[in-house]
Amino acid sequence: MCGIAGIVAKSNVNQTLFDALTVLQHRGQDAAGMVTCQESRFHLRKDNGLVNEVFRTRHMRRLLGNMGIAHVRYPTAGSSSSAEAQPFYVNSPYGIALAHNGNLTNAKALAEDIFRTDLRHINTNSDSEVLLNVFAHELQRLGKLQPSADDIFTAVEQVHKRCQGGYAVIGMITGYGVLAFRDPNGIRPVVYGKRETPQGDEYMVASESVALDSCGFTRVRDLAPGEAIYITREGEVHTRLCATQTQLRPCLFEFVYLARPDSIIDGISVYKARLRQGELLAEKVLRERPDHDIDVVIPIPDTSRTAAMEMANRLGVKFREGFIKNRYIGRTFIMPGQELRERTVRRKLNPIELEFRDKNVMLVDDSIVRGTTSRQIVEMAREMGAKKVYFASAAPAVRYPNVYGIDMPSASELIAHDRTDEEVGELIGADWMLYQDLEDLITSTQGGDARITEFDCSVFDGRYVTGDIDDAYLAELDAQRNDAAKQDSPQVDSDETNNLHNKL
């Protein structure tokens with residue numbers, strides 16, 4: 001999971017891109033990067049760190065130009081390298097910068113093909129660099145001195161034919177314009193908006209609509225699966241469907257955990273989806289235990305708060321904040337090894353004894369991945385004097401790895417893999433374990449929008465919508481993602497995936 005943004009404006013875009021990245025910081029906290037274009041020259045700044053750490057005043061003064069793209073990255077397993085911070089750049093043809101959110105499932109084969117057939121060199125382990133070189137090669141093959149919108153869309157068509165997986169891409173061609181496109185299944189989100197100024201219309205493309213809102217752009221619409229948009233430096237907007245056999249299958253986990261609640265993705269309010277998650281969780285409680293003895297509902301900060309609040313409301317019980325989150329503790333998702341993760345959980349969350357003492361507590365989290373955090377939190381609730389500790393997940397059991405841009409653990413390290421709900425409850429120490437049903441999660445996300453008939457639910461049901469994932473691929477993925485491999489490897493394997501904070 002990463003965050004992307006791009007702007008074509010009538011004045012310098014550096015500050016607006018900075019603001020957009022700050023709003024998208026939840027999508028990536030390992031590295032940040034920005035490329036702006038002034039006349040026919042690129043200005044680039046990227047490094048490891050948070051947005052306000054990477055971009056200082058001295059950097060911003062050099063990032064001149066009326067169009068630009070930017071990126072925030074989550075790290076993958078083990079350590080991360082600043083060499084793999086995005087955007088990436090190639091000088092031929094024209095000079096192209098590119099960043100992306102997602103994961104190419106055939107990146108290994110593509111890298112080999114790029115070297116042997118396209119005669120291009122890949123300098124990092126990032127599939128983003130692979131994607132950039134595929135696009136650059138296809139554009140160069142057209143042999144045009146000046147690329148037109150049709151040329152760019154033709155190159156994107158070839159990218160879709162060669163690349164597999166889930167991806168939302170943003171790029172910039174020196175002196176010409178900004179482009180963006182989305183994979184044929186629409187797994188990763190991308191939206192564009194417009195801002196009217198006295199000098200003329202300005203346009204912005206981003207991972208989430210909240211970035212448009214915060215920068216004063218009005219949301220126009222999400223890109224359709226397989227669709228590309230090209231905005232010239234003069235502000236002309238061109239769009240085209242560049243892939244065949246498209247179907248909108250957005251990642252369901254975006255609505256559970258990844259996206260900000262104030263975003264709208266594919267016409268769906270993330271906030272409303274999470275409210276409905278809480279409603280349906282409450283209905284499941286009433287079905288399974290109509291005479292429940294829950295005294296209080298407490299969310300695990302922060303993503304589960306919306307669902308927990310509505311769950312408490314529907315059950316007619318108190319909603320309380322029982323944990324205070326220390327936002328200055330290093331995040332557990334980049335820490336190698338289970339022991340270190342477990343120690344860090346207790347430094348990150350501090351319970352309020354008043355809300356637990358002599359109460360039957362229902363803890364609510366957005367999801368459970370490894371179970372490390374869940375087990376520690378249940379123990380803390382008991383130490384604070386809770387009589388009974390129940391645990392509800394707003395998402396179904398995560399039983400399978402993600403291959404489309406979320407660096408979840410290997411399947412063997414997922415607590416729900418090959419285990420029943422009851423067995424998971426026992427492992428985390430809860431008196432009752434309650435998971436959202438997958439059908440209910442889909443219903444809560446769809447709302448009244450009949451356009452989306454299918455989601456990417458692969459982490460829950462093991463069905464990979466691209467159809468190219470087999471046992472051999474998953475076995476290789478498992479070998480790369482297990483804890484032993486992460487501790488042994490000094491480099492990240494792909495910089496388009498993330499580890500889920502609060503989960504590992």
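Helices (H or I, at least four residues) and strands (E, at least two) are DSSP runs, numbered from the N terminus. By that count, the protein chain here has 17 helices and 22 strands. Welcome to a predicted model, in which local features need pLDDT of at least 70, side-chain atom pairs count only at pLDDT 80 or more, and totals for chains, interfaces and linings use all residues. Residues are numbered from 1 along each chain as its sequence is written, and side-chain values use heavy atoms, leaving out hydrogens and water.

**Confidence**
- The average pLDDT (the predictor's confidence in each residue, from 0 to 100) is 91 for the protein chain, and 90% of the residues score at least 70.
- Residues 330-337 have a pLDDT below 50, and this stretch has 26 contacts (heavy atoms within 4.5 Å) in the model beyond near neighbours in sequence.
- For residues 490-504 the pLDDT stays under 50, and the model has 100 contacts beyond four places in sequence for them.
- Where pLDDT is low, the predicted coordinates should not be read in detail.

**Overall build**
- The C-alpha trace of the protein chain spans about 75 × 50 × 45 Å along its principal axes.
- Of the 504 residues in the protein chain, 62% are buried; buried means under 20% relative accessible area, exposed over 50%, and partly exposed in between (1.4 Å probe, protein chains only).
- Taking contacts in the protein chain between residues at least 6 apart in sequence, 73% join residues at least 24 apart.

**Helix α6**
- Helix α6 covers residues 149-162, and its end C-alpha atoms are 20 Å apart, in agreement with the 20 Å that its 14 residues should span at 1.5 Å a residue (the expected span is 1.5 Å times one less than the number of residues).
- Among the buried residues of α6 are Ile 152, Phe 153, Val 156 and Val 159, along with Asp 151, His 160 and Arg 162.
- The partners that the buried residues of α6 pack against include the helices α4 (107-116) and α5 (127-140) and the strands β7 (165-173) and β8 (177-182).

**Cysteines**
- The structure holds zero disulfides, a disulfide being a pair of cysteine sulfur atoms within 2.5 Å.
- Cys 215 is in no disulfide, and its nearest cysteine sulfur, that of Cys 2, is 19 Å away.
- Cys 215 counts as buried because its relative accessibility is 9%.

**Ile 442**
- Ile 442 sits in helix α14 (residues 438-446) and is partly exposed, with a relative accessible area of 22%.
- Leu 252 is 190 residues away along the chain, yet its C-alpha atom and that of Ile 442 are separated by 7.7 Å.
- Leaving aside residues up to four places away in sequence, Ile 442 touches Leu 252, Phe 455 and Cys 457.
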